[in-house]
Amino acid sequence: MNTYRIKTLPGRENIRWEEIEKAEISNYGWVESKHYDSFAKLVYIKGSGFICKMFCAEREPYAACTKDGGEVWKDSAMEFFFSFEDGKYINLETNSTGARVQEFSTYPRQCLKVFDKIPEGFKVTASREGVYWTLEIELPLEKLQVFFPSVDADKLIPGYEFTGNFYKVGVTKEEHYAMWNEVKTETPDFHRPDYFGKLVIE
């Protein structure tokens, strides 16, 4: 199981992304495919929440979906799945236009649309930075607590652990499935919290 150590910062203005550890999305499975330079970074803003930033070096990412709730996983997309409680997780899937799928799921899979509980959802900003297209995902504590009431600022101290995985996917003419923590299923299936890696606050 991979372990990612989350840096704690006093405020958003203190983020220096170039100094934050990478979670390399470099495990490919199920099909022979082109490999992309893709990775994620995650920080904890003390008492406020988490910010995840994902990067992919892809010149022209395929993006047919332009509306929230569509089949973004069939485009070139990056995804962050995470869990604070066994058997329950949030999956955030976004393409390069910023179109989002956001769900609160249980395993075996049953899901609730995040938008049903939080109409605006979790904010995701898609942009282009040089050779990379990027996603910046904001996870404020008050929104996380809607789904995981136990997520309390007093508990989010150095050593606190939860689980998650970062993905790069494209069910396109260049089909590919990439993961930070390897998923060892017979067919493509990112909705497997038993294959999540460990996320530890520092």
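**Arg12 and Glu136.** I looked up Arg12 and found a salt bridge to Glu136 (a side-chain nitrogen of Lys or Arg within 4 Å of a carboxyl oxygen of Asp or Glu), with 2.4 Å between the closest N and O atoms. Arg12 sits in the loop between strand S1 (3–9) and strand S2 (23–24) and Glu136 in strand S11 (residues 132–140), so the pair joins parts 124 residues apart in sequence. I took strands as DSSP runs of E, at least two residues, and helices as runs of H or I, at least four, numbered from the N terminus. Arg12 is partly exposed at 39% relative accessibility, while Glu136 is buried at 18%. Here buried means under 20% relative accessible area, exposed over 50%, and partly exposed in between (1.4 Å probe, protein chains only). I also noted a salt-bridge network that links Arg12, Lys123, Glu136 and Glu138.

**Basis.** The model is predicted: local features need pLDDT of at least 70, side-chain atom pairs count only at pLDDT 80 or more, and totals for chains, interfaces and linings use all residues. Residues are numbered from 1 along each chain as its sequence is written, and side-chain values use heavy atoms, with hydrogens and water left out.

**Glu103 and Lys113.** I found a salt bridge here with the closest N and O atoms 2.9 Å apart. Glu103 belongs to strand S8 (residues 100–106) and Lys113 to strand S9 (residues 110–113), so the pair ties parts 10 residues apart in sequence.

**Glu58.** I placed Glu58 in the loop between strand S5 (49–57) and strand S6 (76–85). Glu58 is buried, at 8% relative accessibility.

**Total.** I searched the whole structure and got 11 salt bridges.
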